[in-house]
Amino acid sequence: MIIEELSRDVKAALTPHRFQHVQGVVTCAVDLAKRYGVSIEQAEIAAWLHDLAREWPREKLVNAVETIEVPHGFATIPALLHGPIAAHLGRTKYGIEDELILEAVRYHTTGRPDMTDLDMVLFVADAIEPGRTYNGVEAIRQAASKSLAEAVRISIDNTIRFLVDAGKPLFPLTVLTRNALLVR
Ligand SMILES: Nc1ncnc2c1ncn2[C@@H]1O[C@H](COP(=O)(O)OP(=O)(O)O)[C@@H](O)[C@H]1O
């Protein structure tokens, strides 16, 4: 029921290309959930929800911070806000009360230290769904068949390299996530 409503709204909120990405993330998240003993239902709902606000204009994202609580520092990089905003919509618009789902969505772009298995399922599915073709994606796909945590770490290494090379800011929580994964 919730998935029907959510997927319909996600389709209306996104370009066809990004909607296809979300469909890929859903399929991939369900596969990873099965492999790693994570709830398929939680993975599916989190995957449908995660990019709901991805195409909001920057101004709308930034304005939302006045009424929506977002994790510390997120507002300094507006591209990160779509996760916490989607989590907020999940709770207020779709009645999702499961904090595990909401947290996975909230942190799906940055990661966080002590990621749950559900966090990692969504994070990795977002990185490796079949529509992803960037350099390095194959190494993450291969790692994902053996270890979720290792796949997240390799994906974060890629993102860090990408952001540094592009001269873009890097959110410190992602560095803390990487450090935590290295000692995990
Ligand atoms: N850890 C990070 N720190 C700072 N900016 C980031 C981080 N991760 C991603 N970004 C920026 O946020 C944008 C959105 O990220 P993401 O949602 O993962 O992209 P995508 O739309 O490809 O799924 C990226 O294009 C990148 O510029």
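Two residues are taken to be in contact if their C-beta atoms, placed from the backbone, lie within 7 Å. Helices (H or I, at least four residues) are DSSP runs, numbered from the N terminus. The model is predicted: local features need pLDDT of at least 70, side-chain atom pairs count only at pLDDT 80 or more, and totals for chains, interfaces and linings use all residues. Residues are numbered from 1 along each chain as its sequence is written.

In α7, Asp117, Met120, Val121, Phe123, Val124 and Ala127 meet Leu148, Ala149, Ala151, Val152 and Ser155 of α9. These residues divide into nine nonpolar, one polar and one charged. Here Ala, Val, Leu, Ile, Met, Phe, Trp, Tyr, Cys and Pro count as nonpolar, Asp, Glu, Lys and Arg as charged, and the others, Gly among them, as polar.

Two packed helices are described by the angle between their axes and the distance between the axes. Axes are lines fitted to C-alpha atoms, for helices over the stretch in contact, and angles run from 0 to 180 degrees between N-to-C directions. Helix α7 (residues 117–128) packs on helix α9 (residues 148–165) at about 50°, with the axes 9 Å apart. The two are therefore oblique to each other. Angles under 35 degrees count as roughly parallel, over 145 as roughly antiparallel, 65 to 115 as roughly perpendicular and the rest as oblique. The crossing of α7 and α9 is left-handed: the near helix is turned anticlockwise from the far one by less than a right angle, whereas clockwise would be right-handed.

Helix α2 (residues 16–36) also packs on α7, at an angle of about 135° with the axes 8 Å apart. This makes α2 oblique to α7. The crossing is right-handed. Val25, Cys28, Ala29, Leu32, Ala33 and Tyr36 of α2 make the contact with Asp117, Val121, Leu122, Val124, Ala125, Asp126 and Ile128 of α7. By class, that contact has 11 nonpolar, no polar and two charged residues.

Helix α3 (residues 40–49) packs on α2 at about 160°, with the axes 8 Å apart. These helices are therefore roughly antiparallel. α2 passes α3 in a right-handed crossing.

The ligand is surrounded by 13 residues (C-beta atom, placed from the backbone, within 6 Å). The closest are Ala79, Thr109, Leu170, Phe171 and Thr174. The shell has seven nonpolar, four polar and two charged residues.
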